Amino acid sequence: MTAPNVTARILRLIVENAPISQSDLKVRSGLSMSTVSQATNRLLAQEIVQELGLRRVSMGRPKTLLGLNPDRASVIGIQLNAERNLIVMTDLSGNLLGEQQMPKGTLTPRQLGDALAKFLRGVEEKRVGAIGLALSGLVDAENGYCIRSKVLDWDNVPIARLLEERFSLPVFIENDANAMAMAALVFGQLGNAQSAVIATYGKGIGAGIILNRQLYRGRHGKAGEIGNGLVGDGSLRLLEDVASSRAILQRLAEQEPVEGLTLQALDQRPTPEVLAVLEEAGRELGISLANLSVAYDPDVVYLAMEPHMASRILLDHITQSFQAYRLKLTPHMTPLQFLTESNRMWALGAAGFAVNRLLDLLAAQADEEPVT
């Protein structure tokens, strides 16, 4: 194992297990104490990690506890989806430092860059380390391309390179579901869970899959595109054509046009038509999530949506369907939990995977500097 890999590995262990001592890092990493000390000294010298105090032990000297220094750098998180276009800034622990709303709907790369430039001018005193961009659509995360986004009307846009050239900062992109999954992992929402499915819901439906605390992308980076899967009634309809917020509201508008209707507002007008549409949508989405739980056997399944989509009727049908079809061969059945409390989840998700990538860059920088 090369020195840069050691430093990055030690940094990851500190982030995931803080507060933690060097002796505990030795146990968790399987490395020698001298190797652990060299790596932590590099990270301390670059102020990437910090000392958090002492832990008294029954015998021997107190142990110095280490943790990530959240003020070492800030990151930008950007969400571009059908519901909201938003820029946020966080520290390395995910604490919100600022935000800026952008116009809803389609944005050109130039318009996005202009909005980001305006935001950065207002936070010039912050040391920005990286930019994360969460897109609704298909992305090539490795090469920084948006392959296709219906929401933005983008095709094969090298958005990461365009933003890097303009702002001289590393830019990382993900689809919105993978962004949520990475943020849950980096910022600690997963706790001790080793695997999880984090599905996102709106005008599109997708899922980020965490296996052994690593994002699973699939062979071509398209794992989790459940919205493009078929429903099981033989109609050849896609899940998004039946269960997405767009599909639900379009079907109801055909029967009774209502301006500005939201899914949450449907709970106040439970007509037979509303109940039938929500029941079918909830059933099919619940089945899809149950199938994911059967396929991957995760510790937990999350479904994330913005507050105005959280129809209690829809959530009840999703829950009933998921519980009916999830695997029941063991006493420990996969739980389904809803994330509905925030309208900036995807932007924070973008910040989360930007932090994840920035940690590797910071570890590499620490290796380049001699320890005095």
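Reply: Domain bounds here come from an automatic or database domain assignment. The model is predicted. That assignment gives domain 1 (4-68), domain 2 (72-178 + 343-358) and domain 3 (185-341).

Me: What makes domain 2 and domain 3 partners in a contact, and how many residues does each give?

Reply: Contact means heavy atoms within 4.5 Å. The contact takes 26 residues from domain 2 and 23 residues from domain 3. The domain centres, taken over C-alpha atoms, are 25 Å apart.

Me: What area is buried between domain 2 and domain 3?

Reply: About 1800 Å², with 58% from carbon and sulfur atoms. On the domain 2 side, Glu83, Asn178 and Met345 supply 30% of the area buried against domain 3, more than any other three residues.

Me: Why is the meeting of Glu174 and Arg217 called a salt bridge?

Reply: The side chains of Glu174 and Arg217 meet at 2.3 Å, N to O. The cut-off is 4 Å between a side-chain nitrogen of Lys or Arg and a carboxyl oxygen of Asp or Glu, so the pair qualifies. Between domain 2 and domain 3 the count is two salt bridges. Residue pairs in polar contact also number two, both at pLDDT 80 or more.

Me: Which elements give two or more residues to the side of domain 2 that touches domain 3?

Reply: Strand S8 (138-140), strand S11 (171-175), helix H6 (176-186) and helix H11 (345-368). H11 has the largest share, seven residues. By class, the residues on this side of domain 2 are 12 nonpolar, 10 polar and four charged.

Terms used:
Residues are numbered from 1 along each chain as its sequence is written. This is a predicted model: local features need pLDDT of at least 70, side-chain atom pairs count only at pLDDT 80 or more; totals for chains, interfaces and linings use all residues. Side-chain values use heavy atoms; hydrogens and water are left out. Buried area is the accessible area (1.4 Å probe) that two parts lose on being put together, summed over both. A polar contact is a pair of N or O atoms within 3.5 Å; within protein, one must be able to donate a hydrogen and the other to accept it, and residues adjacent in sequence count only if both atoms are side-chain atoms. Helices (H or I, at least four residues) and strands (E, at least two) are DSSP runs, numbered from the N terminus. Ala, Val, Leu, Ile, Met, Phe, Trp, Tyr, Cys and Pro count as nonpolar, Asp, Glu, Lys and Arg as charged, and the others, Gly among them, as polar.
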